[in-house]
Amino acid sequence: MIPRYTRPEMGKIWSNENKFNIWKEIEVLACEAQAELGASGITKEDAQWIRDHADFTVERIDEIEAVTNHDVIAFLTNMAEYIDADVPEGEEKPSRWVHYGMTSSDLGDTALSYQITQALDIIIDDVKKIGDVCKRRAFEFQNTLCVGRTHGIHAEPMTFGMKFGSWAWSMKRDLDRLQQAREVAATGAISGAVGTYSSIDPFIEQYVCEHLGLTPDPLSTQVLARDRHAQVMSTLAVVAASFESVALQVRLLQQSDVIEAEEPFKKGQKGSSAMPHKRNPITAERVCGLARTIKANAQVGFDDVALFYERDISHSGAERTALADSFIALDYIAEKLRWILDGLQTYPEAMKANMYKTRGLIFSSKVLLALVQTGITREDAYVIVQRNAMATWHDVQQAKPGPSYRERLETDPECTLSKETLDEIFDPWDFLTRKDVVFDRLEKLEF
């Protein structure tokens, strides 16, 4: 991912420096486990020497890899240079115990699992922060009236706090998904070629995984099965889709014809190089745009599951780019979405004005039920309600003056509803007598 969309903490996780540091720790832990096991010849003094002297530089690894065309061998060669540098001439080199009985995937896959858990911990924290903002602002707007829309068309009254509440529950579901994905990803494997432990004791795997907070894979075929990674990437895609859904709502609410809310517009910010009046929802659009990349990368995860027999490396290059890009992009848009929602500017008067733009049509469902209660059939009631609604719609569509929906009903001889009943029906709060049910549930929501 390009630096523009990379936050430092997440970028560091996917850096070569961090990867090689994890590789180093795995190799050192494996040496310590071998020494504790006491079966291979490595002593605890050897293991301590290795821990004290093991090091690397990314530049030197790159230099060696240019010759070997093998990143693990390049890393091991460079680390051996450091381990053996101070060993007196003629003495046995402690580096000979590094990578003892292991294969490249033991190192690379276990390290990748650890990187994924590091990255997921950041995303989990990101989602919790967004969820907290949504819950807080839901109660801020618990009693702010606005019109609900289905298919983009005015439906019935609701409160603006319900929008934030809905987003809070979305973040809770995402949090649950991420925590499950972390559990699946937190798996290591140090089982040797084709996973038979032919040259390495299972104790080594158990020891290394325990120190890294991972669980040994019950049966790895030299590599960890990539369905684990596919689940992680698909989870990232679902979270990105959730972020996109919220950001899209902000974009819609910010349209000039709606303008019920808009993302923060900072002092000194410019909206357009040609039209100085513009206040464009560019950050929400950026969230939506980068979400597409994350969703597309999930397909890479699915395609990486199928490998030749016990292993191949067709997944390797694909996941090195797609995993890092998805995590970095998701972390970036998470922070942008939190910023948008925390500072979302709202316009309750515009919400109220919009609610009445259709001249009372949003109360039609209550009219229908009230007519049925007078004793006529639902079908006959529907004809009365729709006939007057369509006439009102025509005036609205043509921007023509004309009677409101209620006024039309009052002059319709087939509409026998009293003034008192109509007063009750055309009160928007009559729709919301049970709204506190959803807020009582939201009160119990924790991140």
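I searched the whole structure, a predicted model, and found 1 cavity of 30 Å³ or more. For my own reference, on a 1 Å grid over the protein atoms alone, a cavity is a set of points where a 1.4 Å probe fits but cannot get out, while a pocket is an open set with protein on both sides within 12 Å along at least five of seven lines; lining residues have an atom within 4 Å of a point. Local features here need pLDDT of at least 70 and side-chain atom pairs pLDDT 80 or more, but totals for chains, interfaces and linings use all residues. Residues are numbered from 1 along each chain as its sequence is written, and side-chain values use heavy atoms, without hydrogens and water.

Next I looked up the volume of the largest cavity: about 40 Å³ (the space filled by probe spheres set on the points, which are joined across faces, edges and corners). Its lining is S113, I116, A185, L224, R228, H229 and V232. α9 gives the largest share, 3 residues (helices are DSSP runs of H or I, at least four residues, and strands are runs of E, at least two, numbered from the N terminus).

Then I went to the largest pocket, at about 650 Å³. It has 31 lining residues, and K19, W23, D71, S316 and R320 lie nearest its centre. Which element gives the most to this lining? I got α6, with 7 residues.

Last, I checked the second largest pocket, with about 320 Å³ of space. Of its 15 lining residues, L361, S364, S365, Y382 and V385 are the closest to its centre. Here α14 has the largest share, 6 residues.
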